[in-house]
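Hi,

Here is the structure I promised to pass on. Have a look at it first, and my notes on what turned up follow below.

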Amino acid sequence: MALTLSAPPPRWLEDLSSGPVTTKTKQSFPDPLGYQVASRQQKSSSNKTVAHPRKQPTADEMDTLKLKKAWELALAPAKQLPMNAIGMYMTGNSLQIFSIMMVFMLFKGPIQAVLNIQNTFQRLETDTNRQQMLAVKAAFVGCNLLALALGIWKVNGMGLLPTTRSDWLAWESAREPLERAYFVPT
Amino acid sequence: MSSFGGKSAADVQASAESDSFGYHRFAVCLTRNGRLIALDAGSSGRIVWNVPVWDHARDISSSPVLKSLPDGTVEISDLEIDNSGTPPLVVDAATGEILTRDAIRDRRTMAEDATAALVEKPTSVYYTLETGELCGKLDQKDAPLQELWRFSPSKGETIVNVTSRPSTDPVASIGKVLGDRRVLYKYLNPNIVLVTTISTAAQTATVYLLDGISGTILFSNSHAGIDTTHPIPSTLSENWFAYSYAIDTASSSASKGHQLVVGELYESPFPNERDSPLDPRPRANHSTLHSTPSPHVISQTYNIPEAISHLAVTQTRQGITSRHLLAVLPASNSLIEIPRSAIDPRQPVGRDPTSAELAEGLERYNPVLDFDPRWTLNHRREAVGIRAVRTTAATLESASLVFAHGLDVFGTRVSPSAGFDVLGADFSKVQMLGTVLALAVGTVVVAPLVASKQINAVWQFS
């Protein structure tokens with residue numbers, strides 16, 4: 001329903017929507033490209049109350065803009081990877097408090113980001129670009145998985161993953177012979 | 001002539017305090033004067049009971065055998081008191097009273113009822129030394145013993161010593177973890193026999209490692225220039241063996257003095273491999289009668305400063321604690337405990353250890369093994385004329401009880417891995433209790449404040 005006001009709109013609302021008022025001075029400088037003098041228009045029955053200084057982009061262009069922004073958001077974790085890699089290299093392979101904290105951050109960040117994926121892309125998602133959004137979300141999850149892989153590789157370097165035979169030795173059993181030999185001293 | 005007997009669980013009056021660490025084991029000794037004496041290992045060798053077994057000192061031609069039975073009794077057999085076929089004498093281990101036949105029968109039936117669900121006894125092979133040869137016989141039900149194998153030493157050699165693994169030799173880990181996290185699997189065969197033979201004419205000593213079931217020779221080693229009048233003590237435990245001999249001073253060999261040889265048995269020379277690559281057997285329980293793979297033996301020799309007359313290995317209840325070698329040195333009347341790290345056969349020879357080997361605790365091989373004075377167990381006391389060393393496990397995993405007897409009787413308690421399962425003496429229980437109490441009080445005081453703050457936060461205008 002269109003908003004109708006019984007009284008004329010307040011002054012501050014008009015000032016808000018209108019651009020700066022230009023006084024016709026002498027021919028000082030020409031207007032910059034794309035600058036349009038504010039023209040007061042009557043409210044139309046559309047949702048927009050006043051016209052904006054610039055042309056309102058269409059729904060398609062909005063979608064494209066939102067998609068571009070979404071792609072930027074999706075690839076942001078990948079840009080963090082070199083910094084994380086250098087940080088990991090600096091903390092070394094021994095079990096110190098700093099390296100434990102670093103590894104913990106490396107694990108917590110991607111997992112939290114993937115769990116909050118809906119929140120992140122909520123304001124950029126519209127009905128029309130849902131299909132492309134799936135690709136963007138997949139790329140986001142992929143970048144976070146890369147960061148997680150870096151964390152796992154670091155944990156392996158610290159020797160905490162049970163990848164070697166000695167880690168599973170407790171589950172192996174010795175072979176028992178079926179007979180027993182006893183010495184009988186004479 | 002002694003044996004360790006466990007205290008029977010029914011009689012706790014023997015020890016004043018509860019023995020949760022299992023230190024109060026009785027060493028039951030039979031003396032030449034005919035007295036059976038029980039010494040309490042946990043109370044500094046206090047004599048618990050002292051009963052006469054025969055009236056006066058007599059020369060016993062055969063050496064009696066003492067056995068401690070699981071029903072809390074000690075059985076003395078081969079005791080030819082009256083030169084007649086006397087049945088074995090059975091004594092209650094806690095009180096020392098000689099049990100009558102009815103009492104024995106009652107106890108045995110009670111013990112059997114208590115342990116009704118026994119594991120089926122595996123097929124047994126008994127091997128004995130007869131006519132200078134080692135002969136293994138299979139025990140068959142309702143049939144005489146059938147001879148399975150016979151081991152005779154080479155021409156001119158005589159068998160002087162037969163050693164086997166202790167009857168209870170628990171193994172905690174079936175492989176040795178190397179510094180780079182690979183595993184060298186141990187050759188764990190409970191039926192191995194270490195046979196020592198000497199040849200007085202050729203002045204040689206040979207050591208054979210046999211499999212007790214099939215009689216196969218798994219390993220043999222020969223030493224020349226030996227002084228055969230010296231004893232050659234040997235011991236076998238888990239997957240390693242140790243023996244010691246003296247080099248004849250008149251021999252032409254370059255090394256002189258006394259030497260200690262330590263060897264370890266592994267399934268394969270390569271880590272992470274079970275059995276040799278040429279013998280891919282399925283890993284089920286097997287019988288060595290069918291196939292006997294030979295172990296990979298790694299051994300090293302050390303020059304020791306003085307002669308060793310007896311060797312023993314510490315024992316613990318679950319085998320987690322490292323095993324240390326106990327040696328009796330008659331020249332200095334002492335009993336020493338040699339740590340395994342000093343005599344590890346995997347020490348690198350001729351080079352410094354790599355970082356992986358350092359992580360395992362290996363140091364560079366030094367052919368001379370000096371007996372560290374701190375290894376001596378009897379400190380400033382002298383233990384003269386020790387004839388045998390017995391070790392037994394306490395209930396506490398990190399402790400092992402040692403009992404040496406001969407002319408002198410010496411007992412002690414050793415912790416080869418330094419008491420890892422006991423709270424240290426400097427642990428402040430008062431401080432711990434104080435911290436816990438302070439935290440509890442703090443929690444109780446602060447909890448209502450936090451709850452009221454959380455409730456207020458809900459009522460805030462956001």
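A quick definition before the details: two strands count as paired if DSSP finds at least two bridges between them. One thing to keep in mind throughout is that this is a predicted model.

With that term in hand, a simple example is a hairpin in chain B. Strands β5 (residues 65–69) and β6 (residues 73–77) of chain B pair in the antiparallel sense, over five bridges. Within that pair, B:K67 stands opposite B:E75 of β6(B). Three residues lie between β5(B) and β6(B), and in the turn B:G72 has a positive phi of about 85°.

Now the two chains in outline. Chain A has five helices and one strand, and from the N terminus its elements run α-α-α-α-α-β. Chain B has three helices and 26 strands. Of the 186 residues in chain A, 23% count as buried; in chain B, buried residues make up 45% of 462.

The contact figures and surfaces go like this. Taking contacts between residues at least 6 apart in sequence, 69% of those in chain A join residues at least 24 apart. For chain B, counted over contacts between residues at least 6 apart, 52% join residues at least 24 apart. Chain A exposes about 14,500 Å², with carbon and sulfur atoms supplying 63% of it. The accessible surface of chain B is about 24,300 Å², and 55% of that belongs to carbon and sulfur atoms.

Where do the strands of the two chains come together? There is an open sheet of four strands in the order β1(A)-β8(B)-β9(B)-β10(B), with mixed pairing. Its edge strands are β1 (179–183) of chain A and β10 (146–151) of chain B, each of which pairs on one side only. On average, and ignoring direction, neighbouring strands of this sheet are turned by 25° against each other. Inside the sheet, β9 (residues 133–138) of chain B runs antiparallel to β10(B), and five bridges join them. One bridge there links B:G136 to its partner B:W149 in β10(B).

Next, the insides of chain B. Which residues touch the most other members of the largest nonpolar core? That core has 20 residues, and the ones in question are B:L260, B:I308, B:L325, B:I338, B:I343, B:L369 and B:F371. Several strands of chain B supply at least two residues each to this core, namely β18 (240–246), β19 (258–266), β20 (296–304), β21 (310–313), β22 (325–329) and β23 (334–338). The largest share, three residues, comes from β22(B). As background, nonpolar side chains in soluble globular proteins tend to be buried together.

B:P353 is in the loop between β23 and α2 (355–360) of chain B. Is B:P353 buried or exposed? Its relative accessible area is 17%, and buried means under 20%, so B:P353 counts as buried. Apart from neighbours within four places in sequence, B:P353 is in contact with B:P348, B:L358, B:L362, B:E363 and B:R364. Of these, B:E363 is 10 residues from B:P353 in sequence, and their C-alpha atoms are 6.2 Å apart in space.

B:S44 has a phi of about 55° and lies in the loop between β3 (35–40) and β4 (46–52) of chain B. The cut-off for exposed is over 50%, and B:S44 is at 74% relative accessibility, so B:S44 counts as exposed. The other is B:T131, with a positive phi of about 50°. B:T131 is found in the loop between β8 (123–130) and β9 of chain B, and is exposed, with a relative accessible area of 75%.

Cheers

Terms used. Residues numbered from 1 in each chain as written. Chains lettered and ligands numbered in written order. Predicted model: local features only at pLDDT ≥ 70, side-chain atom pairs only at ≥ 80, totals over all residues. Heavy atoms only, no water. Core = buried A, V, L, I, M, F, W, Y, C linked by side-chain atoms within 4.5 Å. Buried < 20%, exposed > 50% of the residue type's maximum accessible area, 1.4 Å probe, protein only. Contact = heavy atoms within 4.5 Å. Areas by Shrake-Rupley, 256 points an atom, 1.4 Å probe, with all protein chains shown as cover. Axes fitted to C-alpha atoms, helices over the stretch in contact; angles between N-to-C directions.
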